[in-house]
Amino acid sequence: TQTNHLDIAVSAGDNPLSGWIIYRTPVQDDGTQGTPKHTSCPCIGDYPHIGADANGFYITTNEYSLKGPEFRGAQIYAFSKAALAQGASSVFVTQFDTHGLDRGNSGFTIWPAQSPAGVSESAADGTEYFLSSNAADEAHGDGTLVGPRQSTEILAWALTNTSSLIGGNPQPYLSMTHLDVNLYATPPPSNQKLTGPFPLMECLNTPACATKYLLGGPDPYREVPSTLDSNDTRMQQVTFAHGLLWGALDTAITVNHEVKAGIEWFTVKPSVASGSVSGAVHSQGYMGLAGNNLTYPAIGVTRAGKAAIGFTIVGNDYFPSAGYASLSSATGAGPLEVAALGAGPQDGFTGYKAFGNPPGTTRPRWGDYGAAAADGNSIWLASEYIGQSCTLAQYTAAPFGSCNGTRTALANWDTRISQVVVQ
């Protein structure tokens, strides 16, 4: 249909079981349904993420053409939080297109800040902060060519005058600044522990099994255990707490003379004056583990500035596992801890050539997310891991592919939700 939309679900009351109000915003940006008309659109609003301050609720997307591979730029959508919470019949939306705003290049994965309860920036008549990085292909030109895939900068963004979102004439203002940081670069794929079992792979490599259950014929390829996608260098979840912006991204890191997937984290002291954002990097650091990979970080921070970072651990010593560490803006990361050990290897269809697009290729997607939220002295962390393991015989038993309800026929990942209590 060449149309698409974002949906915002707002609970009808303070009990999430009492029903929801759904607000729908068209985002194809081709001039239809009230959207602006952008070059190369109709487009899709990909990879949406949310943030909030005292006045507004914010969604950011990465806008790609529906007709081709072109990247237009990150979009920022601002809504009145009060209007959404009151269940208004319609709510104004203010949209910002970041096309060309970074020295002629576009913003990419501009992640809006979330905050613990009661925390918000009141300066400049209300301010919402964002962080992004600029090493990925999409952050250069239209994203169709290979970019530098490394950088020593991150970008801090601010939407000021957010108090105006409450009225009928919203006039927020967007600004951006560059901040120098230590080098980050696109990480290599993450290897995983290979001691199996891999029932989907084993079924594909057994002609009778592949024919009966999966492909209607033998797999033309010899499948092998896959690596995991370690993400690119896009910014991951951003939190504003204790006067600082906290963020992290995936990067290549050298540990014991071996290049692995690791994490670079940042705290930024932001400020706004005359409606424009400035800032200074307060602290930064790397996280890695010899022989293993750390991917998809998410930082949660309490109102008092106590933080924890969640991630996936996978490599020579670990099946995909949920890990975490304490994090301090003064002293850095604490020891790596395991919240939940992976029970087996990743055994999903994206790692096998029979299901490739095009066939014969693989892109073993892993996560694309981590999540964190603070509630008092508790930080809740969500990370992807593998919580099950089963044999080929269990996989082919009825109902096929479920392994007694622990997986699906084509995927076996789980989300681990963990509570970390900070002192």
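## Sheet architecture

Eight strands form an open sheet with mixed pairing, arranged in the order E10-E9-E8-E7-E11-E12-E13-E14. The model described here is predicted. At the edges of this sheet stand E10 and strand E14 (276–287); each has a single partner strand, so one side of each is left without a neighbour in the sheet. From one strand to the next, the twist averages 30°.

The pairing of E9 with E10 is antiparallel and extends over 10 bridges. Within E10, Tyr184 is the bridge partner of Ser151.

In soluble globular proteins, nonpolar side chains tend to be buried together. The largest nonpolar core of this model comprises 22 residues, of which Tyr129, Leu131, Ile154, Met235, Val238 and Leu245 touch the most other members. Two or more residues of this core come from each of strand E7 (111–114), strand E8 (127–133), strand E9 (150–160), strand E10 (173–185), strand E11 (238–241), strand E12 (244–255) and strand E13 (258–273).

The surroundings of Tyr129 can be described in more detail. Beyond its neighbours within four places in sequence, Tyr129 is in contact with residues including Trp111, Pro112, Ala113, Trp157, Ala158, Phe240 and Leu245. Its contacts also include Glu121, Pro270, Ser271, Val272 and Val277.

## Salt bridges

The model contains nine salt bridges. One of them joins the side chains of Arg24 and Asp7, with an N to O distance of 3.0 Å. This pair links distant parts of the chain, 17 residues apart: Arg24 belongs to strand E2 (residues 20–26) and Asp7 to strand E1 (residues 5–11). Arg24 is exposed, at a relative accessible area of 55%, whereas Asp7 is partly exposed, at 40% relative accessibility.

Asp229 and Arg365 form another salt bridge, in which the closest N and O atoms are 3.7 Å apart. Asp229 is located in the loop between helix H3 (207–214) and E11, and Arg365 in the loop between strand E19 (337–340) and strand E20 (371–375); the pair therefore ties together parts that are 136 residues apart in sequence. Asp229 is buried, with 16% relative accessibility, while Arg365 is partly exposed, with 36%. A further salt bridge brings together the side chains of Asp232 and Arg234 at 2.9 Å, N to O. Asp232 is buried at 16% relative accessibility, and Arg234 is buried at 10%. Through shared partners, salt bridges join Asp229, Arg363 and Arg365 into one network.

Key. Residues are numbered from 1 along each chain as its sequence is written. This is a predicted model: local features need pLDDT of at least 70, side-chain atom pairs count only at pLDDT 80 or more; totals for chains, interfaces and linings use all residues. Side-chain values use heavy atoms; hydrogens and water are left out. A nonpolar core is a set of buried Ala, Val, Leu, Ile, Met, Phe, Trp, Tyr and Cys residues joined through side-chain atoms within 4.5 Å. Buried means under 20% relative accessible area, exposed over 50%, partly exposed in between (1.4 Å probe, protein chains only). Helices (H or I, at least four residues) and strands (E, at least two) are DSSP runs, numbered from the N terminus. Contact means heavy atoms within 4.5 Å. Two strands pair if DSSP finds at least two bridges between them. Axes are lines fitted to C-alpha atoms, for helices over the stretch in contact, and angles run from 0 to 180 degrees between N-to-C directions. A salt bridge is a side-chain nitrogen of Lys or Arg within 4 Å of a carboxyl oxygen of Asp or Glu.
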